[in-house]
Amino acid sequence: MIVFDLECRAGGHRFEGWFASSEDFAGQQARGLVTCPVCGAPEVEKALSAPRLTRKGNQLPAVPASPRQEVLSPDAQSPMPMAGGSLPPEAVAMLKAVAAVQTEMLKSSTWVGENFAEDARAMHYGEKDPAMIHGRASPAEVQGLIEEGVPVAPVIVPVVPPGEVN
Ligand SMILES: [Zn+2]
């Protein structure tokens, strides 16, 4: 049920009318079935106030759709999970082992920077004395070296190039 504040056009009498719905009221109004209880006039219309809902029954109040708001959920404020925190212990141990081996290898290795591909190729073809070197190479350069049979291995653990250490 819904309660409308009604007003008779003739006398301006205010009264409440109970209806099943807005459509029900409109239908009764159109057929002149809604009359003013004070003066009996059939010219009745809704007063300029919002309809109130009855508190009887289990109907939920027809709350008008409120504007949507941007709401932050608590989860959105939680810090990003650390990727390293989810690594299995075996992976961490393996990386540490690789880092240790790499560190040992690099002790006897020479940093050649951007000349790596050129130097590695020169040693491979006997144009330079063989020596352990490490440096920078693009994936294409590495691929080219491998295809030529030049032994290269990726540096697993990031290396801080000499000269870039403060
Ligand atoms: Zn009236």
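Visitor: Is D129 buried or exposed?
Guide: This is a predicted model. In it D129 is exposed, because 7 other C-beta atoms lie within 10 Å of its own, and the cut-off for exposed is 12 or fewer.

Visitor: Where does D129 lie?
Guide: D129 is in the loop between α3 and β6. Its C-alpha atom is separated by 9.8 Å from that of D119, a residue 10 places away along the chain.

Visitor: And what unit do α3 and β6 belong to?
Guide: Together with β5, they make a right-handed β-α-β unit. Helix α3 covers residues 116-124.

Visitor: How do β5 and β6 run, and how many bridges join them?
Guide: The two strands run parallel, with three bridges joining residues 110-113 of β5 to residues 133-135 of β6. W111 stands opposite H134 in β6.

Visitor: New topic, α2. How many of its residues are buried?
Guide: Zero of its 19 residues, so by that count α2 is hardly covered.

Visitor: What should the helix span, end to end?
Guide: At 1.5 Å a residue, residues 89-107 should span 27 Å. The end C-alpha atoms of α2 are 27 Å apart, which agrees.

Visitor: Now A41. Where is that?
Guide: A41 sits in the loop between α1 (22-30) and β3 (44-46). A41 is partly exposed, with 14 other C-beta atoms within 10 Å.

Visitor: Which residues does A41 touch?
Guide: Leaving out residues up to four places away in sequence, A41 touches C8, A10, G11, T35 and C36.

Notes: Residues numbered from 1 in each chain as written. Predicted model: local features only at pLDDT ≥ 70, side-chain atom pairs only at ≥ 80, totals over all residues. Helix = DSSP H or I, 4+ residues; strand = E, 2+ residues; numbered from the N terminus. Expected span 1.5 Å × (residues − 1). Buried ≥ 20, exposed ≤ 12 C-beta atoms within 10 Å, placed from the backbone. Pairing = 2+ DSSP bridges. Right-handed = clockwise from strand over helix to strand, strands pointing away. Contact = placed C-beta atoms within 7 Å.
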